[in-house]
Amino acid sequence: MSDLIVIVYPTEAKAEEVRERLFELQKQYLITLSDAVIATKNDAGKIKLNQLVNTTAAGAVSGSFWGLLVGVLFLNPLLGVAVGAASGALGGAMSDFGINDAFMKELSGSLQPGNGALFVLVKEMTADKVLKEIAGYGGVVLKTSLDDSKEQALRDALQKASAAPAS
C-alpha cells in the first residue's frame with residue numbers, strides 16, 4: 001500500500017529541489033515513488049500541476065503508432081496516424097495515473113500564491129534515512145496518510161529545519 005505525503009514549500013523551486021533529491025534517493029534504493037507532483041497557485045488563484053508524465057503526449061505517440069499500423073493494413077497510413085494520434089491524445093488526457101488530479105487541485109486551493117506543494121505517493125521507504133535527507137529543506141506538512149507516529153516525526157524534523165537560522 002502506498003502512502004501520500006503533501007509538503008508545502010515557500011517556492012515552487014524549493015519543492016522542485018526536494019523532488020529531485022527524492023529521485024536521487026530512489027536511485028539509492030532508499031525510497032520507491034509512485035508519483036511526485038508539484039502544485040502551485042498563481043496570483044489569479046489558478047492551480048497548476050507540474051507532473052512527471054504528460055499522459056496526453058504519451059497517448060498521442062502511442063495512438064500514432066497503432067494508427068499507422070492499422071492504416072498500413074487498410075492501405076491509408078496517413079489517415080491511420082491522424083486518427084490514432086487524436087484518439088491516443090484524447091485517451092491520454094482522460095487517464096489519470098498516480099495521485100488524483102482533482103484531489104490535488106482541491107487541496108492546493110489553500111496554498112498562498114507562489115508556494116509550491118509537493119505531492120508524493122510513496123510505495124516503500126527507509127523512513128529514517130529519507131527523513132534525514134529531506135529535513136534540511138524545511139516545509140510544512142499539509143496532509144499525509146502516514147500513521148500518527150511517523151507523521152509526527154516528519155512534522156518535527158521539518159519544523160526544526162524551518163526554525164533553524166539561515167546561514
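Arg 19 has a relative accessibility of 3% and therefore counts as buried, where buried means under 20% relative accessible area, exposed means over 50% and partly exposed covers the range in between, computed with a 1.4 Å probe on protein chains only. The structure is a predicted model, in which local features need pLDDT of at least 70 and side-chain atom pairs count only at pLDDT 80 or more, while totals for chains, interfaces and linings use all residues. Residues are numbered from 1 along each chain as its sequence is written, and side-chain values use heavy atoms, with hydrogens and water left out.

**Overall architecture**

- The chain contains six helices and five strands, these elements being DSSP runs numbered from the N terminus, with H or I over at least four residues for helices and E over at least two for strands.
- Read along the sequence, these elements follow the pattern β-α-β-β-α-α-α-β-α-β-α.
- Of the 167 residues in the chain, 36% are buried.
- Among contacts between residues at least 6 apart in sequence, 72% join residues at least 24 apart, a contact meaning heavy atoms within 4.5 Å.

**Helix α1**

- The 16 residues of α1 should span 22 Å at 1.5 Å a residue, and the end C-alpha atoms are 23 Å apart, which agrees; the expected span is 1.5 Å times one less than the number of residues in the helix.
- The buried residues of α1 are Ala 15, Val 18, Arg 19, Arg 21, Leu 22, Phe 23 and Leu 25, and the buried residues of this helix pack against β1, β2, β3 (47-50), β4 and α5.
- Just after α1, Tyr 29 takes a positive phi of about 65°.

**Nonpolar cores**

- The largest nonpolar core has 22 residues, of which Leu 22, Leu 118 and Leu 154 touch the most other members; such a core is a set of buried Ala, Val, Leu, Ile, Met, Phe, Trp, Tyr and Cys residues joined through side-chain atoms within 4.5 Å.
- At least two residues of this core come from each of β1 (3-9), α1 (12-27), β2 (31-41), β4 (116-125), α5 (127-134) and α6 (148-163), and α1 gives the most, with five residues.
- When neighbours within four places in sequence are left aside, Leu 22 is in contact with Ile 31, Leu 33, Leu 118, Val 120, Val 130 and Ile 134.
- Apart from this core lies another, of 12 residues, among them Ala 39, Ile 99, Ala 117 and Leu 121.

**Salt bridges**

- Side chains of opposite charge can pair when their charged atoms come close.
- The count comes to five salt bridges, each being a side-chain nitrogen of Lys or Arg within 4 Å of a carboxyl oxygen of Asp or Glu.
- Glu 16 and Arg 19 meet in a salt bridge with an N to O distance of 2.7 Å, and because they are three residues apart in helix α1, about one helical turn separates them.
- Arg 21, which counts as buried at 15% relative accessibility, forms a salt bridge with Glu 24, the closest N and O atoms being 2.7 Å apart.
- Glu 24 and Arg 21 are also three residues apart in helix α1, and so are separated by about one helical turn, with Glu 24 partly exposed at 39% relative accessibility.
- Arg 21 also forms a salt bridge with Glu 133, with closest N and O atoms 2.3 Å apart; this pair links distant parts of the chain, since Glu 133 lies in helix α5 and Arg 21 in helix α1, 112 residues apart.
- Glu 133 counts as partly exposed, at 33% relative accessibility, and a network of salt bridges links Arg 21, Glu 24 and Glu 133.

**Asp 35, a buried charge without a salt bridge**

- Asp 35 is placed in strand β2.
- Although buried, Asp 35 has no salt bridge, and the nearest side chain of opposite charge, Arg 19, is 6.6 Å away; Lys and Arg count as positive and Asp and Glu as negative, with His and the chain ends not counted.
- A polar atom of the Asp 35 side chain lies 3.1 Å from the backbone nitrogen of Ile 99.

**Gly 109**

- Gly 109 is found in the loop between α4 (101-108) and β4, and counts as partly exposed at 38% relative accessibility.
- With neighbours within four places in sequence left aside, Gly 109 is in contact with Lys 41 and Ile 47.
- The C-alpha atoms of Gly 109 and Gly 45 are separated by 7.8 Å, although these residues are 64 residues apart along the chain.

Note on methods
A polar contact is a pair of N or O atoms within 3.5 Å; within protein, one must be able to donate a hydrogen and the other to accept it, and residues adjacent in sequence count only if both atoms are side-chain atoms.
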